[in-house]
Amino acid sequence: MKTACDLSKAIYGDVINVDYSIAILPWGAIEPHNYHLPYATDCILSQRISMDAAHLAAQSGINAMVLPPVTFGSQNPGQRELPFCIHGRYSTQFAILTDIVSSLHYQGIKKLLIVNGHGGNSFKNMIRDLAVDYPDFMLASCEWFKITNFEHLIENVGEHADEVETSVMMYYHPELVQLSKAGDGQSQSPRLKPLAEGVIWMPRNWSEISIDTGIGNPHMSSAQKGEDIVLPIINKLSQIMVDMANHK
Ligand SMILES: [Zn+2]
């Protein structure tokens, strides 16, 4: 009988005699999500999705440990000025990830999957550096909202505190969603033409492109939509865990 463990709740006795073949690291942010979702939305959703996928993976024969979520997300100008929006800079995030990899490696746990819940986070260069320093450690990342294609399930495509995030939160935690207070999540294209065209990249100034901090109208959200969106994601994520765990 294999097991999925939630390290946020586990006690030492739960863990000590189990051989974990993979650790999962949910990674979020602390930031406003329009007027209707909690600051910790990206942490909560990546953690819940990781746990559900880990339970499924246990049924497929692997022990998966889900670590507590990392709360430090990378923020944009115009966003980090907002009260209690916390900007986790690259060097902070890299130090956190390095310490986690170093600890797990020392303990003989050599596979880690980051399940990212915040669009501003990017781990590629960190993972490249750690692949140099820990060549026998398998470190990968994914973003839960990019694992499957669910555009056919939603009315209003968005990006932040949108119909997708709101629906998935309504599925997991309806008590944390105050949809009647939500703004329309209207957004404007950046004024700089090549940025709007997507041929250059720089962080967008959030206060210039969104009034309520949201991008995407959340008003058509529902718990049913959240379930329809998230169940295929959980299925695929559990398969990713199994594939990584079994990879020699
Ligand atoms: Zn979010």
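## Rings, burial and a zinc site

Tutor: Going by the pairing rule for ring centres within 6.5 Å, the count comes to 4 aromatic pairs. Keep in mind that this is a predicted model.

Student: What makes Tyr-90 and Phe-94 a stacked pair?

Tutor: Two values decide it. The centres of Tyr-90 and Phe-94 are 6.0 Å apart, and pairing needs centres within 6.5 Å. The planes are at 25°, and planes under 30 degrees apart count as stacked. Hence the pair is called stacked.

Student: Where do Tyr-90 and Phe-94 lie?

Tutor: Both belong to helix α3 (residues 90-106), 4 residues apart, about one turn of the helix. An α-helix has 3.6 residues a turn, so residues three or four places apart point the same way.

Student: Why is Ala-4 called buried?

Tutor: The relative accessible area of Ala-4 is 15%, and buried means under 20%, so Ala-4 is buried. Ala-4 is in strand β1 (residues 4-6). Leaving aside neighbours within four places in sequence, Ala-4 is in contact with Met-51, Ala-54, His-55, Ala-58 and Ala-64. Asn-63 is 59 residues from Ala-4 in sequence, yet their C-alpha atoms are 5.7 Å apart.

Student: How do you know which residues coordinate the zinc ion?

Tutor: His-33 (NE2), Asp-42 (OD) and Glu-165 (OE) are at 1.8 to 2.0 Å, and a donor to zinc has to be within 2.8 Å. In sequence these donors follow the spacing H-x8-D-x122-E. Distant parts of the chain are linked here: His-33 is in the loop between β2 (22-27) and α2 (41-59), while Glu-165 is in helix α5 (residues 163-172), 132 residues apart. Both His-33 and Glu-165 are buried.

Student: Why is α5 described as largely enclosed by the rest of the structure?

Tutor: Because 9 of the 10 residues of α5 are buried. Among them are Glu-165, Val-168 and Tyr-172. The buried residues of α5 pack against α2 and α8 (223-246).

Note on methods:
Residues numbered from 1 in each chain as written. Predicted model: local features only at pLDDT ≥ 70, side-chain atom pairs only at ≥ 80, totals over all residues. Heavy atoms only, no water. Donors = N, O, S within 2.8 Å, 3.2 Å for Na, K, Ca; no water. Helix = DSSP H or I, 4+ residues; strand = E, 2+ residues; numbered from the N terminus. Buried < 20%, exposed > 50% of the residue type's maximum accessible area, 1.4 Å probe, protein only. Phe/Tyr/Trp six-rings, centres within 6.5 Å; stacked < 30°, edge-to-face > 60°. Contact = heavy atoms within 4.5 Å.
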